[in-house]
Amino acid sequence: MLQPPPAKYGGRHTVTLIPGDGIGPELLNHVREVFRFSCVPVDFEVVQVNSALETEDDISNAITAIRRNGVALKGNIETKHTMAPSVKSRNNLLRTSLDLFANVMHCQSLPGVQTRHKNIDIMIIRENTEGEYSSLEHESVSGVVESLKIITRNNSLRIADYAFRLAREKGRQRVTAVHKANIMKLGDGLFLQCCREVASGYPDITFDSMIVDNTTMQLVSKPQQFDVMVMPNLYGNVVSNVCAGLVGGPGLVPGANYGRDYAVFETATRNTGKSIADRNIANPTAMLLASCMMLDHLNIFVVCERPVLCFLLQLHTADIGGQGTTSEVVQSIMRIIQSKGQLTA
Amino acid sequence: MTLIPGDGIRRELANHMRGSVFVTTFCCMPVDFEVVNVDSSVTSEDDISNAIMAIRRNGVALKGNIETNHNLPTGYRSRNNLLWTTLDLYANVMRCQSLPSVRTRHRNIDIVIIRESTEGEYSNLEHKNVPGVVESLKIITRTKSLRIADFTFRIAWAKGRRRVTAVHKANIMKLGDGLFLECCREVASGYPEITFNSMIVDKTTIQHTCTLVSRPQQFNVMVMPNLYGNIVSNVCARLVGGPGLVPGANYVQDYAVFETVSGMTGHSLANHNTANPTAMLLASCLLLDHLKLHAYAGMIGTAVLSTVTETQVNDVISAQLDTSQHTRKFKAFAWSPLCYHAQHVARTKRLNMQYSGLATCSLPT
């Protein structure tokens with residue numbers, strides 16, 4: 001739907017790489033290794049963001065780099081909630097500055113991964129810039145905090161429109177809006193109303209809505225009933241984590257953040273994974289699949305998804321019940337790539 | 001005791017329970033019901049005000065969920081929400097426990113979820129300053145956060161539970177959830193024997209659903225603000241077998257209201273005699289315990305739990321869990337036999353009790 005960005009010189013794209021914290025740097029190094037091995041025509045411009053600093057210079061540099069290149073691949077930047085409240089989440093700053101309004105996550109059951117539920121194939125589209133993540137809080141009276149959740153007609157129409165266009169493009173039959181309009185009548189009521197307006201222009205797609213508590217309950221019992229889901233920011237966060245858990249965990253699902261002019265790819269559940277950092281046990285699947293999505297976006301027709309998923313039939317990392325280390329998994333993927341010969345079409 | 005039947009299946013269950021279990025002579029329950037109907041389609045607040053007055057008079061209530069039609073005008077407040085805030089029923093307690101022989105995907109779950117019920121995202125404070133822009137206020141106060149944290153730790157201590165997890169999103173809502181977390185930590189420092197940790201809500205939900213990374217069995221007691229409580233309790237209810245099996249209780253110093261955990265009214269199941277009465281019956285047992293009628297609570301509780309392990313009942317619960325939306329074929333299984341069986345067991349137990357003296361209840365609370 002979006003045009004590939006203009007940062008293409010001599011047939012090679014330049015992509016901003018933000019390593020982040022925790023397992024991010026390690027997994028992104030593996031991505032670069034796989035790209036080098038497969039001769040993918042992508043150069044990375046690495047921009048470090050130090051989450052321990054209070055100034056916003058680092059993240060501003062990263063944002064400038066993404067504006068220049070148009071595309072980025074990032075690890076999660078930790079937000080220490082022990083720091084002063086004025087230090088805003090760097091990830092959130094990135095999304096709002098670049099107006100990456102749509103977070104898209106495709107949850108599907110992967111071959112070779114044992115889960116309690118099978119045949120899941122859900123696309124989750126989450127509004128990425130407003131809602132509960134507006135970072136507007138104040139303490140008018142001592143001991144009483146007001147957090148503002150903002151819902152606007154423009155952004156709701158925009159995300160609903162994106163959801164329906166994507167559903168039509170991918171041949172999906174049904175879009176479900178997730179809300180809590182029985183309690184937040186004005187806010188989520190507006191969101192729902194916008195979704196209905198857009199739905200009326202897509203008579204071939206069935207539209208329904210579901211309250212968020214019922215949705216989470218249904219997801220845990222019968223996730224196969226869902227097709228495409230669209231929702232405001234916080235519910236998107238919860239629902240995407242539930243779905244990621246259903247298909248095997250945070251190590252398997254990639255996510256993408258799209259704006260009108262830019263796209264940033266990362267793991268869907270945005271975990272820093274501090275406790276497993278630098279131990280060679282993290283699952284690289286999510287990050288590798290995210291890089292495949294990025295190559296799709298750049299119209300570089302590299303058949304990369306299949307090798308990444310093939311290895312799942314043979315070798316698992318600890319998070320999905322196996323014994324393999326991250327490097328073993330990456331080696332296995334590179335072997336599969338080698339055996340399949342030239343990838344670029 | 002006030003009885004608010006509510007809408008949908010809750011009305012049917014409330015009446016069923018009252019008719020078949022409590023009031024029948026052989027149970028001889030020293031409880032009288034004052035039934036207050038609340039009509040959810042009417043916009044005036046008279047019905048719910050009557051209900052609130054009745055609860056103030058009686059101190060205890062058993063209720064079904066009152067539907068909130070979100071197509072009604074925005075001045076119409078959720079009746080359930082009005083009840084919690086007017087009576088200041090700040091603590092919603094739900095115990096999610098895997099029931100024996102109910103086939104579910106996860107086993108050995110025993111989590112107590114304590115949710116702050118009167119503030120947070122449910123403050124009903126919304127406004128439209130500029131056309132097309134809505135601001136919803138989420139309120140977190142120090143007083144209420146300390147109160148719910150204190151309640152949690154006291155319950156954990158009383159029930160011998162030694163781990164409390166606070167669920168939050170303080171990386172994004174730094175002031176709001178940050179304050180909540182800070183209050184929990186303050187109270188935790190007064191209970192050195194209880195381990196306190198905190199977890200961001202996304203990680204919590206993934207821990208509940210992911211098969212292999214971690215398991216819901218790691219949670220013991222969880223405390224959280226209103227919205228996360230709503231979501232997490234629905235996830236947990238489904239993990240142990242569904243909303244038909246889990247009772248909930250709402251407490252404040254002077255009043256207590258008992259209900260089933262799910263907020264849904266179950267219109268599609270109403271009056272077909274297929275709704276699961278277990279949750280409502282277990283809620284009534286919690287109520288009896290609260291009234292210190294432990295013997296009766298034990299009688300009904302044991303009967304219900306033993307009936308749930310019956311194969312036929314278990315099959316239907318499992319069938320309801322596995323049935324997909326498009327191939328839904330509910331067996332015309334009459335749930336009234338569950339109540340009759342419960343009565344039969346209760347009758348037997350009561351006869352035994354007459355000879356051996358009153359036993360104290362061993363019901364999950």
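I take buried to mean under 20% relative accessible area, exposed over 50%, and partly exposed in between (1.4 Å probe, protein chains only).

**Ground rules**

I am reading a predicted model, where local features need pLDDT of at least 70, side-chain atom pairs count only at pLDDT 80 or more, and totals for chains, interfaces and linings use all residues. Residues are numbered from 1 along each chain as its sequence is written, chains are lettered from A and ligands numbered from 1 in the order in which they are written, and side-chain values use heavy atoms, with hydrogens and water left out.

**Entry: salt bridges**

I looked up salt bridges, each a side-chain nitrogen of Lys or Arg within 4 Å of a carboxyl oxygen of Asp or Glu. Over all chains, the structure holds 27 of them.

I began with A:Asp188 and A:Lys149, whose closest N and O atoms are 2.9 Å apart in a salt bridge. A:Asp188 sits in helix α5 (residues 187-199) of chain A and A:Lys149 in strand β8 (residues 144-152) of chain A, so this pair ties together parts 39 residues apart in sequence. Helices (H or I, at least four residues) and strands (E, at least two) are DSSP runs, numbered from the N terminus. Are A:Asp188 and A:Lys149 buried or exposed? Both are buried.

Next I checked A:Arg168 and A:Asp204, which meet in a salt bridge at 2.7 Å, N to O. A:Arg168 is in helix α4 (residues 153-169) of chain A, and A:Asp204 is in the loop between α5 and β10 (206-211) of chain A, 36 residues apart. A:Arg168 is partly exposed at 42% relative accessible area, and A:Asp204 is partly exposed at 44%.

I also noted A:Arg260 with A:Asp261, a salt bridge at 3.2 Å between the closest N and O atoms. A:Arg260 counts as exposed at 66% relative accessibility, while A:Asp261 is partly exposed at 46%.

Finally, I found A:Lys74, A:Glu266 and A:Arg270 linked in a network of salt bridges.

**Entry: the sheet in chain B**

Here I followed an open sheet of 10 strands with mixed pairing, in the order β2-β1-β3-β12-β11-β4-β5-β10-β8-β9 (chain B). Two strands pair if DSSP finds at least two bridges between them. Which strands lie at the edges? They are β2 (34-35) and β9 (195-200) of chain B, each pairing on one side only.

I then looked at β4 (residues 91-97) of chain B, which runs antiparallel to β11 (residues 247-251) of chain B and is joined to it by four bridges. Within β11(B), B:Gly248 stands opposite B:Met94.
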